[in-house]
Amino acid sequence: MKKLLCLISVVLISGCAHNIKITPETTAANTQAKSATVVGYYVSAADKAIKNTTPGGGGDKVSYQLTKDMEYGFFKALNDSYETVKVLEASHDAQKMKADGITLVFEPKFTSTSSGSSLLIWPADKFSITVQCKAYNQTGALVLDKAFTGQGTATNGEVLKDFSLAANRAATDVLAQVKKELASNASLK
Amino acid sequence: MKKLISFAMFVMLLSGCSIMAPGYTPSVKSVQAIKTSGSAPVAVSKATVAKASLNSVSLRGNSLKSPYGDYSSYIEQALKKELTDAGLLDEKSVLVIGSQLTKNDMDVAMGTGKGDLAAVFTVTKAGKKIFEKEITAHEEWESSFVGAIAIPNAMKAYPTLVNTLVTNLFKDKDFLKSISK
């Protein structure tokens with residue numbers, strides 16, 4: 001009976017994708033001075049609905065909504081860098097930009113890879129998250145088109161307690177890079 | 001065979017052990033709503049629980065631990081994060097938001113998982129109570145017979161449940177009136 005139950009479970013679980021939620025660390029106190037420039041950002045509803053599935057350990061997969069999970073961290077990076085951040089409902093919305101006095105609009109695209117070194121457990125212990133960050137000015141000219149990639153790893157012991165830890169670390173890493181760019185790139189002031 | 005070993009090991013490793021709930025992430029929507037709520041800068045006092053058992057959450061026998069030590073602190077940290085990101089947290093403010101967790105249920109059923117949270121929120125102004133109300137939140141999510149799917153799904157749902165509670169608080173007209181400028 002035990003063997004039968006186990007077999008049923010294995011059939012049900014084989015090749016399945018385990019849901020995780022990526023939570024970048026966003027609690028660090030903001031010490032940088034904010035720019036008075038009014039900025040906006042646009043992330044499409046279609047991108048937020050995408051379910052990403054990438055390899056985990058033991059031949060299984062991990063599943064998550066990368067853009068949805070990363071959106072807040074990206075917003076926070078902007079919110080820490082600019083006094084006013086507005087959410088746009090459409091890409092290249094020149095009318096809205098003009099009406100709201102938005103000087104720059106950011107349009108990030110997120111991609112990821114993962115892997116799990118363990119044969120025995122499913123959580124991924126290595127993660128990579130890339131943000132292809134584009135920014136346009138009011139005339140629609142591209143003022144930034146740059147990719148940032150964050151890496152995150154965790155031990156098997158760590159991922160057994162926190163299934164998303166490697167992903168969280170990669171997310172925190174890439175958002176720190178974005179924030180650094182916002183602080184140092186003169187064309188984004 | 002690899003799958004069989006993987007599954008057996010995972011069950012063994014997870015059985016009766018403790019796992020960490022994801023940390024709280026505000027939503028853009030909730031932070032923007034707080035920013036434009038007309039709220040004065042506020043402080044957040046240490047949260048409490050109505051009874052000690054509310055500080056433990058079990059997902060099919062696995063203890064779901066709060067990344068902030070306990071679940072009253074989870075609510076407290078959620079409020080602080082939302083207010084910090086909205087630029088409205090001021091620990092020296094005369095307006096202080098308090099909370100007492102009164103419900104903290106996670107039901108990892110086979111088909112649909114369900115979560116219910118409730119907390120009594122208070123606002124005091126220079127020590128005088130000017131608002132007190134219980135706010136609730138309910139979330140449902142896709143669950144499964146298989147624990148290795150159902151448990152991560154429930155874990156993932158917890159921050160969303162807390163975000164719903166905070167959003168419902170900042171939708172409450174009496175609460176907004178009590179913290180208005």
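This is a predicted model: local features need pLDDT of at least 70, side-chain atom pairs count only at pLDDT 80 or more; totals for chains, interfaces and linings use all residues.
Let me begin with chain B. Chain B contains 5 helices and 8 strands. Read from the N terminus, its elements follow the order α-β-α-β-β-β-β-α-β-β-β-α-α. Along the principal axes, the C-alpha atoms of chain B occupy a box of roughly 65 × 30 × 25 Å. Of the 181 residues in chain B, 51% are buried. If we take the contacts in chain B between residues at least 6 apart in sequence, 74% of them join residues at least 24 apart.

I turn now to helix H2 of chain B, residues 28-35. Which residues of this helix are buried? They are Val28(B), Ser30(B), Val31(B), Gln32(B) and Ile34(B). These buried residues pack against elements of both chains: strand S2, helix H3 and strand S5 of chain A, and helices H3 and H4 of chain B.

Next, the hairpin in chain A. Strand S3, residues 52-55, pairs with strand S4, residues 61-64, in the antiparallel sense over 4 bridges. Pro55(A) has Lys61(A) in S4(A) as its bridge partner. Between the two strands of the hairpin lie 5 residues, and Gly58(A) in the turn has a positive phi of about 60°.

Finally, the salt bridges. Side chains of opposite charge can pair when their charged atoms come close. Over all chains, the structure holds 14 salt bridges. One of them joins Lys76(A) to Asp85(B), with the closest N and O atoms 3.8 Å apart. This pair crosses between chains, running from helix H3 of chain A to helix H3 of chain B. Are its two partners buried or exposed? Lys76(A) counts as buried because its relative accessibility is 6%, and Asp85(B) is likewise buried, at 8%. Both residues belong to a network of salt bridges that also includes Asp80(A) and Lys179(A).

A further salt bridge, at 3.0 Å from N to O, is formed by Asp174(B) and Lys133(B). This pair links distant parts of the chain, 41 residues apart: Asp174(B) sits in helix H5 and Lys133(B) in strand S8. Asp174(B) is partly exposed, at 43% relative accessibility, and Lys133(B) is partly exposed at 28%.

How values were computed
Residues are numbered from 1 along each chain as its sequence is written. Chains are lettered from A and ligands numbered from 1 in the order in which they are written. Side-chain values use heavy atoms; hydrogens and water are left out. Buried means under 20% relative accessible area, exposed over 50%, partly exposed in between (1.4 Å probe, protein chains only). Contact means heavy atoms within 4.5 Å. Two strands pair if DSSP finds at least two bridges between them. A salt bridge is a side-chain nitrogen of Lys or Arg within 4 Å of a carboxyl oxygen of Asp or Glu.
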